[in-house]
Amino acid sequence: MTHYRRIYTPGATWFFTVNSAKRRNNRLLVENIDVLRTVFYDVKNKHPFRIEAAVIMPDHLHCLWTLPPGDANYSMRWGQIKGRFSSHIDTGESISKSRKKRRERGLWQRRFWTHLITDQDDFNRHVDYIHWNPVKHGWVCQVADWPHSSFFKFVKMGVYPMTWGIRVSLILMRVSNPNDAPPGIGTSYVAHLIAF
Ligand code: NI
């Protein structure tokens, strides 16, 4: 696990998972990453919060925010982020009747996952979870190969080495002996570590 010693603020740091409405064959977020960055920046300027860590996946995102003391209104901030993002995108997505009534667009799932961080270990675990996510979802074999996360900031801070988070699998291969005898005494195996 990460040895990240930043003191977290009790009761103020939240982990979020926010999904786009269409989860399959959808690269909406990474294809519009600049729009997303701008929207985050604008909303953060108006209603301050600190982004501790973040990862943008093609169809969802995870992030860790610290809100100002006494302010837990993340819903308003997410509402603005989603709304502003949607207003910049013209995808011709299908919109349900109930959404039309509310003048909502159909780009995002309405609900999102929230978790209040409980202590420094919990904080660190979520930082790792965020950065490991592109490997977890199978987009890359190595965390450093995914450009849309705060991983590189953490490498610069000395929290991770650049090589952190590589998916490897261990494959044992039998080395056949020259007489092609059945496996048994004398059979040897070599271990191959492969990235996939
Ligand atoms: Ni994920």
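**Ground rules**

I count residues from 1 along each chain, as its sequence is written. The model is predicted, so I keep to these limits: local features need pLDDT of at least 70, side-chain atom pairs count only at pLDDT 80 or more, and totals for chains, interfaces and linings use all residues.

**Overview**

I started with the secondary structure and found six helices and six strands in the protein chain. Read along the sequence, the pattern is β-α-α-β-β-α-α-β-α-α-β-β.

Next I looked up burial: 22% of the 196 residues are buried. Here buried has 20 or more other C-beta atoms within 10 Å of the residue's own, exposed has 12 or fewer, and partly exposed lies in between, with C-beta atoms placed from the backbone.

I also checked contacts, meaning C-beta atoms, placed from the backbone, within 7 Å. Among contacts between residues at least 6 apart in sequence, 64% join residues at least 24 apart.

**The sheet**

I traced an open sheet of four strands in the order β2-β3-β1-β4, with antiparallel pairing. Its edge strands are β2 and β4 (113-116), each of which pairs on one side only. For pairing I ask for at least two DSSP bridges between two strands.

I then went through the pairs.
- β2 (residues 50-56) and β3 (residues 60-66) are antiparallel over six bridges, and a hairpin of three residues joins β2 to β3. Val-55 has His-62 of β3 as its bridge partner.
- β1 (residues 13-19) and β3 run antiparallel, joined by seven bridges. I noted Cys-63 of β3 as the bridge partner of Phe-16.
- β1 and β4 also run antiparallel, joined by four bridges. In this pair Thr-17 stands opposite Trp-113, and Phe-15 stands opposite His-115.

**Asn-25**

I picked out Asn-25, which sits in the loop between β1 and α1 (28-31). It counts as exposed because it has 7 C-beta neighbours inside 10 Å.

I compared helix lengths with the expected span, which is 1.5 Å times one less than the number of residues. For α2 (33-46), 14 residues reach 20 Å from first C-alpha to last, close to the 20 Å expected. Its buried residues are Leu-36, Val-39, Phe-40 and Val-43. They fall within an arc of 100° seen down the axis, so they line one face of α2. By arc I mean that of the directions from the helix axis to the C-beta atoms. The face turned away carries the exposed residues Asp-34, Arg-37, Tyr-41 and Asn-45. The buried residues of α2 pack against α1, β2 and α3.

For α3 (residues 74-88), 15 residues should span 21 Å, and the end C-alpha atoms are 21 Å apart, which agrees. I list Arg-77, Ile-81, Lys-82 and Phe-85 as the buried residues of α3. Their arc around the axis is only 125°, which puts them on the same side of α3. I found the exposed residues Ser-75, Met-76 and Ser-87 on the face turned away from that buried side. The buried residues of α3 pack against α2.

A reminder to myself: an α-helix has 3.6 residues a turn, so residues three or four places apart point the same way.

**Helix α5**

I finished with α5 (residues 120-136), which packs on the sheet and touches β1, β2 and β3. Its direction makes about 30° with that of β2; such angles run from 0 to 180 degrees between N-to-C directions, with axes fitted to C-alpha atoms, for helices over the stretch in contact.

The 17 residues of α5 reach 23 Å from first C-alpha to last, close to the 24 Å expected. I noted a bend of about 35° at Ile-130, with a proline, Pro-134, following within four residues. That bend is the angle between axes fitted to the seven residues ending there and the seven starting there.

The buried residues of α5 include Phe-123, His-126, Ile-130 and Pro-134. Besides β1, β2 and β3, the buried residues of α5 pack against α6 (151-156). After α5 comes Gly-138, whose phi is positive, near 85°.

Note on methods:
Helices (H or I, at least four residues) and strands (E, at least two) are DSSP runs, numbered from the N terminus. Two residues are in contact if their C-beta atoms, placed from the backbone, lie within 7 Å.
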